[in-house]
Amino acid sequence: MAPVLKYLITGATGGLGKQILSCLVDNVPAGEYAAASSNEANRQRFEDQGIAFRVVNYDDPHTLESAFEGVENLLFVSTNTFDNEKRRKQHQNFVDAAKKMDVKHVWYTSLAFGGLGSDSKATVQGAHLMTEDMMRQSGINFTSVREGIYADAFPIFMGWYPNSSSVQVPSDGPVAFTLRDELGEATARLMIRGGYDKQIVLLTAQETITYKEIVDLINETTGRSVRLEFVPADDFVALKVANDEGGKSEAFFQSLLTWYESIAKGEAAITDPLMADLLGREPVPPREAIRRLLKDRNYEWHQNYVNRG
């Protein structure tokens, strides 16, 4: 029987998981946490730092069961795919293994569309609502951590690239864009605090920003002259497929339309004080967060390009 492990961090090589693990390293005793990823080749990089490592492949239930043995708090990082059927299968494997191995508390990284409500029609949120239902039906103890929309990902929300002269969107609305690093720290501190059994929580910055304000900020910060153009929803998909520098598919842009509709309804503008409470400070506001990112004039977001994951 495996010894008890207080925290297991899946997705430990990803942007969010890496930050959560870093906060645990700084705040809990060594030996209470381990890193996990799907690639055995990552073992040495963690063990060289004195961090235990377990292989977790969401497509292979045997690795999940082996890795989850003896785990008390399990970070469940949502898989990095826009293919909701693939994600459904992977997440079901994860939940089934967590139940079988009697994990005491699963902390799931969800998304903040719709705040604490569960009626968002944004396709990207639908996969998270599906996973929350999976966890409820399984009977496991879980907390769904609805992470604020990454400020770091603003380029994909706007179809913006460093050499863009214009940004085309079908609508605008306020978004409580939140820095990924701060979300990682807040999530780690939430796990350390414990509680919130079978609850949904919301972690967000305390302010919002619109696409128009972001374009103004791009121009102000970089000296560019980017234009914001509103195009009819009926024309948006064809326009983006024909001109997208990142090579994203028609299906992606059809899905993106649902994001815009939800943002226009105010679903991304909902804020919550929990993140500030966990951090012990106000989260970086969206305007300042994006300004920091834009200090690199060539700032990019990997998911804006189909070949970068």
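Visitor: Which residues of H1 are buried?

Guide: Quick caveats: this is a predicted model, where local features need pLDDT of at least 70, side-chain atom pairs count only at pLDDT 80 or more, and totals for chains, interfaces and linings use all residues. Residues are numbered from 1 along each chain as its sequence is written, and side-chain values use heavy atoms, leaving out hydrogens and water. Helices are DSSP runs of H or I with at least four residues, strands are E runs of at least two, both numbered from the N terminus; buried means under 20% relative accessible area with a 1.4 Å probe, protein chains only. On that basis, the buried residues of H1 are Gly-15, Leu-16, Gly-17, Ile-20, Leu-21, Cys-23 and Leu-24.

Visitor: Is Leu-75 buried or exposed?

Guide: Leu-75 sits in strand S4, residues 71-76. Its relative accessibility is 0%, so Leu-75 counts as buried.

Visitor: What does Leu-75 touch?

Guide: Contact means heavy atoms within 4.5 Å, and residues up to four places away in sequence are not counted here. Leu-75 then touches Leu-8, Ile-9, Thr-10, Ile-20, Phe-94, Trp-107, Thr-109, Thr-187 and Met-191.

Visitor: And what share of the chain's residues count as buried?

Guide: The chain has 12 helices and 9 strands. Of its 309 residues, the buried share is 55%.

Technical notes
Buried < 20%, exposed > 50% of the residue type's maximum accessible area, 1.4 Å probe, protein only.
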